[in-house]
Number of protein chains: 4
Amino acid sequence: MRKICVVVHSRANYGRIKTLMQAVDKHPDLELQLLVGSSALIHRFGSVIDIIRKEGFSEAAVVYSILEGETPTTMAKSTGLAIIELATQFENLKPDVVVTVADRFETLATAVAASYMNIPVAHTQGGEVTGSIDESVRHAITKLSHLHFAATLRAKEYLLKMGENAEDVYLTGCPAIDVVANLDVTLPPDFFEKYKGVGDQLSTEKDYLVVLQHPVTTEYGSGLAQINETLKAVKEFADKGMQVAWLWPNVDAGSDDIAKGIRQFREHNDATNMHFYINFEPEDYVRLIANSKCLIGNSSSGLREGAYLGTPTVNIGNRQAGRERAANVIDVDYDAAKISEAIYYQLSHGRYPSSTLVGDGTAGQQIADLLATCEIRLQKELSYIHQTDE
Amino acid sequence: MRKICVVVHSRANYGRIKTLMQAVDKHPDLELQLLVGSSALIHRFGSVIDIIRKEGFSEAAVVYSILEGETPTTMAKSTGLAIIELATQFENLKPDVVVTVADRFETLATAVAASYMNIPVAHTQGGEVTGSIDESVRHAITKLSHLHFAATLRAKEYLLKMGENAEDVYLTGCPAIDVVANLDVTLPPDFFEKYKGVGDQLSTEKDYLVVLQHPVTTEYGSGLAQINETLKAVKEFADKGMQVAWLWPNVDAGSDDIAKGIRQFREHNDATNMHFYINFEPEDYVRLIANSKCLIGNSSSGLREGAYLGTPTVNIGNRQAGRERAANVIDVDYDAAKISEAIYYQLSHGRYPSSTLVGDGTAGQQIADLLATCEIRLQKELSYIHQTDE
Amino acid sequence: MRKICVVVHSRANYGRIKTLMQAVDKHPDLELQLLVGSSALIHRFGSVIDIIRKEGFSEAAVVYSILEGETPTTMAKSTGLAIIELATQFENLKPDVVVTVADRFETLATAVAASYMNIPVAHTQGGEVTGSIDESVRHAITKLSHLHFAATLRAKEYLLKMGENAEDVYLTGCPAIDVVANLDVTLPPDFFEKYKGVGDQLSTEKDYLVVLQHPVTTEYGSGLAQINETLKAVKEFADKGMQVAWLWPNVDAGSDDIAKGIRQFREHNDATNMHFYINFEPEDYVRLIANSKCLIGNSSSGLREGAYLGTPTVNIGNRQAGRERAANVIDVDYDAAKISEAIYYQLSHGRYPSSTLVGDGTAGQQIADLLATCEIRLQKELSYIHQTDE
Amino acid sequence: MRKICVVVHSRANYGRIKTLMQAVDKHPDLELQLLVGSSALIHRFGSVIDIIRKEGFSEAAVVYSILEGETPTTMAKSTGLAIIELATQFENLKPDVVVTVADRFETLATAVAASYMNIPVAHTQGGEVTGSIDESVRHAITKLSHLHFAATLRAKEYLLKMGENAEDVYLTGCPAIDVVANLDVTLPPDFFEKYKGVGDQLSTEKDYLVVLQHPVTTEYGSGLAQINETLKAVKEFADKGMQVAWLWPNVDAGSDDIAKGIRQFREHNDATNMHFYINFEPEDYVRLIANSKCLIGNSSSGLREGAYLGTPTVNIGNRQAGRERAANVIDVDYDAAKISEAIYYQLSHGRYPSSTLVGDGTAGQQIADLLATCEIRLQKELSYIHQTDE
C-alpha cells in the first residue's frame, strides 16, 4: 500500500492532476494524501480549495506559502517558504511517493523538499519546452525526480537525452487530456451565470473568444506593455459584438502588471461584451475553451487541451516558445495588429481536427497503475556513464 | 563593471572558490560582493568566516540559515530558509551575476533564488557525476544556471548532452586546483599545533593518514555502521604507530551518526596516534593531504586535489560513484577488511604522478576574465530544439 | 555616536515616525539606519517606499515579509517571517537602538528580533488602550521594550502600572502630531488630482467626508457586514451631494472582506461623489482630514491627529475601545442608522478646538535628544519587586 | 468538547506540563492535541520526543524549528520560524485553546501564533520574576495570553497589577510540583546506569551533587567565564570524593560557551567522580535532585521542585534574580570561592522542610478542570480602564 502525496498549488495544477488523484483514490493498492497550498488557497485566485472539497477530496493539510508582492524577489521567497512548510508536512505524513506537476515555483519547492528527504518524486509534464523561468525550473525538477510521466513522445525523448534512465521514464500522456476526453462539453444555458467576475454578462447563445495571458517572468517589467497589445486587439472584436471571456492570470512575478493593465483598460475604455473571470472549475474551463471561437494569450491550455479539442488558438509571445503544438495554433508577437490578424484567420478557419499529441484520455489511470507497481530507484545516476559509444 | 556575488557556505566551498574570489576582487571590470552563510558561520564546523576575514575579504553580509537536527527534513528546511534569506540579500545587493559552487543544499538555494530573480547564475563543478543526493542537486543547479565553468572535459561534454547551449559552457578546470598548483606544500614544523581538536598530538616528523568521511544522504540511517568500518580499519594502522588526522564531516543529514560513531569509538577504544580536527584553512588542508601517506574516506578532495597532488587515495562507498578519477584512487566498499587492504596497497605504492584532469591551476583567473566579458542569455533554451538530426 | 535603526512597515507607520527619523538624521550624535518592509513595499498599499525615497531618506535595506491571504494565519506567519528577516538585518547593521512604532504585527516582529539579540528597543505609542489584537500586541511590545516614549499622560501612567521602571518611561507626545503642528494645511487646488484611485473626481472647492475603516482582527469574519453598514450610511450623504474620500484599509486579517465590500458596493450601486484612494503622503493625509467636514471609520487618526486638528470624528465599533479621546469624537456601533445620525451631528457641530492630548508638535526632536543621551538598561526588571508597600 | 493543544519544546517544558497533559487526556470534556518541537526533537538535547512517546502520548505533529548557531541572532530566527510552523499546525488542528509553558522563545512563538489566529492562549508560570531575556519574554507572553494559571500567590498578584483581568487569573500552583508530590523518590540501584553520558560512573550508594547551569542570554559572551567559576568550585568537592552529576544546558544563545567550558575542563583536568548527562526523564530528574546533597547552578528547578523537596540549593548569578524562593536557596555571585563556601554551608545544613510555595501537587488536574469549563474572553482589555481611582 503506497502512500501517494499529491500537492495542489493552483487552478491549472488541479485540472492537470485531478484524474490522477481520482485514480489513486480508487486504487486498491494506493492511498491518497492531499496537500493544498499557494494560490489554491487565495481568494483573489478563486479559492480552488473550495472546488477541490466540493468534488469530494479531503486535504491532509493546507499550507499558506505565497508572499505578497508578485515580484521576482517574492517568487523566490515563496519557493523557500513552500520548501520549509512542505518538509514539515512530509515529515509527518511520511509518503512513499510525492507527485509534482509541471514547472511552477511550488512544483520546484515540492521536488526539492521531497528529494532531500529521500522521498521519491514523480513528475508530470517533464521534458517539455517553453520560454519563461518555467523552462529552467521544469528541467531542474526533472533532475530531482525519480519517476517521469511524459505527456508527449518528444518530451520522453528529451528526458532520455537529458540523462534520465529509460526505466524511469514513461509515456502516459497528460492527465489534463483525461478531463477533456471524458467530458460532455455542451455548455449549459446558465454557464456564465455560475461564475462571478466583473463586466458585461455573457450569453451561451452567442459566439465568444477566451483570453488568458500570464506574465512572462523572464521579461519582468514588460507585462503592462504586452497586455496592452492584447487588450487593444481583442477590443476590436468586442466592439464589433464578439463576446470575450477574459481570465485572470496566475500569481507570478508580473501578475500585478497584467492586473493593472486590465484595470486601467476597464477604467478608460468601454468594455462592452467583455467579462473578466477569476476562476473556472476544471471541467468548466474545458467547456469554455471547447466552445470558444478562438483562445488567445499565452496559456499552455491552447497547446494542450486545445490540441485535443481542436480549438483555434492564437499564441502570443515567448511563454510557450519551443513547445510542441498541433495544427490549431498560430504564433504571433506582442503586437496588436498581428494578434488581430491572427484572430481573424482563426475565426474564419474554425475548429481543427482533434489531436492526441498530448494524451488520449487515459493518463491518470496509467500513472496510478504505474505508481502502484513500478520499481523506484532512490539514488539517481546520469545515464551517460553507462553509455559506451557516445 | 559587473557586480559578481559569491556565496560561501562551507569549508569545502571556500577552498574551491577562493582563487576566483581573489581574481574577481582584483579585476578592473568586476566588483566582488561576498555573502557568507550556512556552516561557514558555525563554531562546530570551524567558523570558516574567521579564516575568510583573516585572508582579507570583507563580507557584504552574513546569513544564518541552517536548522539544527541534521536529518533529511532539516536539510530540506535549511534549503528553504537559505532561499528566503538570499533573495533578500540579492534584492538589496543587486548583483549582475551570482556564482554558486558545486552541489550542496546551499548551492541549490543560491541558484533557485537568483534564477527566479532574473539574476544570471554561474556554476562551477557542473556536469560531474557522483552518488548521494548531490548527484540530483548538481544537475538541477545546471538546469537553473546560465554560465557553466566545467572542471573536466567529460563534465563539459555531459553539460552539452544535458541540453545546455555550447556558448554558455566553458572548460576552465576547478579553482580548487589553483590553490594546489600555486602552493608551497611543505609542512611547517608547528603545523599540527596550529589546529585545535581532540586526541593525541600529531608530529610532522612522522608519517600520517588523513581520514574524511561524510554521510551519504541517500543512505541516511546507515552512517553509523559505515563509519564504524572505517574506524576499525584505520585503528589497525594507528595501533601499529601510524598517525591519523581525522576530519569532522560536513553538516548534512547523517552527520550526527558519523559524529556519534567517532565519539563512541573514542569512549570505548584506545585512540592512540589519532587526532580529530574540525577545520583547516584551505591551503593547510592541501598541505595536509599533499604530505599524507594516504587519504581515506569519501571526500571529493581525493579525486580532485588528490589527482593533482598524486595523493594515494582509498575511496569508500558510493558517495563518489561515477566521478572521474585519476590513477591515484582505489575504490572499496564499506568493509573494514577491504578498506584495510586498500590502505596497505596505497602505502606500499606511494605517491602517484600529478594529473591535470580537474584543472591546471588557472581556473580562477579564467573564470573571472570570462565573467567580465562573456555574453549572458537570461532566457534559457534546451539545445535539442535547435538540433536537426536527433 | 549611536546607530538608531528605524523600521518602517506601512503608511500609518511612516507618518508617525517621520519627524523622529528627520531628527535622528540631523542629530550630530546619531546615525539613522532605515529598514523598509511589509506593506510599505506593496503596490496595492501605495508603495510607501516611493514616498520615503522622494522625501530624501535612503533605506539600508528593503525586506519583503507579508504572506498573501490576509487571514489570521497569514498574519501570524508574516510576523514570523519578519522576525527571521529583521534578525539578519540587525546582525549585519548592528544598531545600538531599534525604534518600533505602535502595535502592528511588524512592530511586534521588530521588538522580538531586537530584544532576543540584546539590542535595546525603543517603543512609541506604548501604554495606550484600544480593541483588536493590537491591544494585546501593544502591551507585549511594551514588555519587550527598554525605552518607552509615551504619547499621553495616561499612557505613561499605564506603562508605570504595568511594571515598567520610571527611569525608562518618557512623556514626549506622539511624532504624528509634529507633522500636524508644523504644517500649512491649506489644500492646493489640484490636491485630489495628485492621487490616483477609482471613482468620481473630487474637488477641493466642495465639502467632503473622509472614511477609513480597518478590519478588526479579533472580529475576523464580520468585516463584510461591518463595512456594509458604513457604506450604507455614507452613501446617504453622497447621494445628497456630499463628496467622499474613502481610503483603502491596512493589510490585516480581514482586509479582503473590507475590500470585497467596497468592490461589491461599487458594482451594485451608483457611487457618485465617491472616490477610493490607496494612499496619501503623510502631510497630505493630514491636510485631507484637516479640511474634511467629518472623519468616519475606526482609524486612530481621528483620535490622534484629529484631536489636535479638531476634526469632527465618528468612531465606529470596537477597534479604538478604551483609547483616550478629546471632545471631537463620537462613538457609534456598526449600525448604519446610528452612523448616519452621528455624521449629521458632527456636520452641524463643525470643527472642535485643538487639543494637545496626544502631543504638542515637538515629539520627534525630544525623542531624538533622549536617544542620544539616555542611559539604557538591557536587563529588564519588573518594577514591583522594588516596591515595598503595595 | 474543547480541543486543548499543548506545545512541548524541551526537556524542562515537558516536566512542567506533563501532569496537565495527562489530566487533559483523561478528561471527558477535553481532547489533547500534542505538538512537539524545538530542542525536544534534537539528539544532543536528549530526544525528549522518545520519552514522551514511551510515556504513552502520541503527537499530532513534530516541528523542527531551531536554527543552528546558538547566538542571539539564531535565537531570534528560531522564534520566527517556530511562529511560521506553529501557525500552519494551528490552522490544520483548529484547537480551542493553546497551552504554552513559562518563558522561552518557543513559548513566545506559540503565544504569538495563537493570539494572532484568535485562538485563546493559556499560560503557566506567568507573573514570576527572573533575570535574563526570559524576564521580558514571560511578561510579553502574559500580555498575549487569555488565561493565566499562576504558580504562586505573588505571581497572581503581579499578573493583576500588570493589568490582567481578575476573572482570567487562577492560582493553581505549578504542574511541575505534581510530579514531585506524587512520586516515590527512592533511587533504584541502577539509576545512574540507565542514562548515558560521559565521565565516571556514579553510584547511588554514595552522596552526590547535581549541577545545572544555563547561559544567561542578556549576558551573552560571559558564559565561558561564568561556567569556569562553577567548574572550579565543584571540582574541589569532586577531588575530595563527592560524586557530581552535571547536566547539559538548554539550547539558548550562549549554550556553546557553556559546552565549550565543560569540554575544555574535561580535556585539561582530571574529572574523577564527575559524570555529564544530557537528559533525564522528568520523574528521574526529580529523583535525582530529591536525593542529591545539593543542587548547584541557575536552574529554576532548585527554586521550584527544590522548594517542595527541600533540596539545599546554591543559586549562582542573575538568571533567577527576583524570583520567589523558599528557605532552601542560597544566592551567590559567579565566584568560585563564594560558590564553594555556599556548597559547604548547604552540605552541613542538610535537607530543608518542604514548602508548597510553588504548588501542592494538584495543579495539572485543577488546570484541566478549568480549561473544560472556564469562560474565555478573546478580546483582551487592560484592567486599568475599569478602575475608578488610580
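A crossover is called right-handed if, with the strands pointing away from the viewer, the path from the first strand over the helix to the second runs clockwise. Helices (H or I, at least four residues) and strands (E, at least two) are DSSP runs, numbered from the N terminus.

With those terms in hand, select strand 10 (residues 243-247), helix 10 (residues 255-268) and strand 11 of chain D, which together make a right-handed β-α-β unit. This is a predicted model, in which local features need pLDDT of at least 70, side-chain atom pairs count only at pLDDT 80 or more, and totals for chains, interfaces and linings use all residues. Residues are numbered from 1 along each chain as its sequence is written, while chains are lettered from A and ligands numbered from 1 in the order in which they are written.

Colour chain A by pLDDT, the predictor's confidence in each residue, from 0 to 100: the average for chain A is 94, and 99% of the residues score at least 70. For the complex, the predictor gives an ipTM of 0.93 and a pTM of 0.94.

Return to chain D and show the side chains of strand 11 (residues 274-277), where D:Met274 and D:Phe276 point one way, D:His275 and D:Tyr277 point the other way, and all are buried (20 or more other C-beta atoms within 10 Å of the residue's own, C-beta atoms being placed from the backbone). Strand 10 of chain D runs parallel to strand 11 of chain D and is joined to it by 4 bridges, with D:Ala245 standing opposite D:His275. Strand 8 (residues 198-199) of chain D pairs with strand 11 of chain D in the antiparallel sense over 2 bridges, and here D:Val198 has D:Phe276 as its bridge partner. Two strands pair if DSSP finds at least two bridges between them.

Finally, select chains A and D together, whose contact (C-beta atoms, placed from the backbone, within 7 Å) takes 7 residues from chain A and 7 residues from chain D. On the side of chain A that touches chain D, strand 3 (61-63) and helix 4 (72-93) of chain A are the elements that give two or more residues, and the largest share, 4 residues, comes from helix 4 of chain A.

Technical notes
Contact = placed C-beta atoms within 7 Å. Buried ≥ 20, exposed ≤ 12 C-beta atoms within 10 Å, placed from the backbone.
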